[in-house]
Each structure stands twice: as C-alpha cells, then as structure tokens.
Amino acid sequence: MNTRIRGRVWKFGDDVDTDVMAPWNTISAPWEERRESVLHIRPEFASQVEPGDLIVAGRNWGCGSSREHAPENLQLLGVGAVVAESFGRIYFRNCIAIAFPNLVCPGIAAACQEGEELSLIHISEPTRLGMLSRMPSSA
C-alpha cells in the first residue's frame, strides 16, 4: 500500500534537540497544556501547523535526550513527516516505535523553501526473508 503525505514545509536548522519538542517541565502535563510548548523556538508553530504539514530540517534533528514525547508531540500536532539531513539515533528509534514517518534525505534543507508544498509517497512493500546460504570457507 502506498501512502501520500502532502503539506506545507516548516524549515528548521541543524541540531534541533528533543528538549524543544518536549520541554522537561511539560512532560507530565495533559496534551492541551503542553501543545503550545512544542517547538517553542518557532512560537507560531504549534498554533499554525496543519495536519499533514512537513518538517524539513538540517543535520542531527532530534539530538539530545531520549524523550519519547518528542516524536509523539509532533504526531499529535498532525505533522505528516519529518524529512532531515540526519537524525539523532534515539529520537529516530522512538519514531519507529510509534510509526511516525521520518526520512533521511541528504540535501533536503537546501532543496526546500519555507512554506512551499511538498509531497512524499511512502511505498510499503512486504518484506520477504529469502533463503540464506553459507558461503564455502576459503582454504
């Protein structure tokens, strides 16, 4: 099954850490209370992001602590996906755990402009485990 994700681009730079996606003082707050603090480095983001909008970022998106709320907050805001030059390892793993699309795409930050519309097609193919054979040992 193929899925199309289409939305407005919100650009962010390098090294955006999980602390700005899920500030420590909001972790235990209900969603309605923590919503406005998500990505507070762009004060308008939480109130203006629309379902399906895409975050395009530079290197090391999601660096920092292992806050599971970071990708969850973006998903709750309706962000369709994050496309970045690279990701923090633990953040990326947390995204996999909640099925939140994050794509590594070198050069994406220079290729996209703030506010333009971007469309992604996610292609899902069944994974098949083929026959494994052992290579003969060399003498």
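This report walks through salt bridges in a predicted model.

## Ground rules

Because the model is predicted, local features need pLDDT of at least 70 and side-chain atom pairs count only at pLDDT 80 or more, while totals for chains, interfaces and linings use all residues. Residues are numbered from 1 along each chain as its sequence is written, and side-chain values use heavy atoms, with hydrogens and water left out.

The structure holds eight salt bridges (a side-chain nitrogen of Lys or Arg within 4 Å of a carboxyl oxygen of Asp or Glu). One of them joins Arg59 to Asp14, at 3.0 Å from N to O. Arg59 sits in the loop between β2 (54–57) and α4 (69–77), and Asp14 in the loop between β1 (2–11) and α1 (18–21), so this pair ties together parts 45 residues apart in sequence. Helices (H or I, at least four residues) and strands (E, at least two) are DSSP runs, numbered from the N terminus.

Arg67 and Asp19 also meet in a salt bridge, at 3.2 Å from N to O. Here the loop between β2 and α4 supplies Arg67 and helix α1 supplies Asp19, 48 residues apart.

## A helix-to-helix pair and a network

Glu72 and Arg34 form a salt bridge at 3.9 Å, N to O. Glu72 belongs to helix α4 and Arg34 to helix α2 (residues 31–34), so parts 38 residues apart in sequence are tied together. Arg42, Glu44 and Glu114 are linked in a network of salt bridges.

## Exposure of the partners

Arg34 is buried, at 7% relative accessible area, whereas Glu72 is partly exposed at 32%. Asp14 is partly exposed at 35%, and Asp19 is partly exposed at 31%. Buried means under 20% relative accessible area, exposed over 50%, and partly exposed in between (1.4 Å probe, protein chains only).
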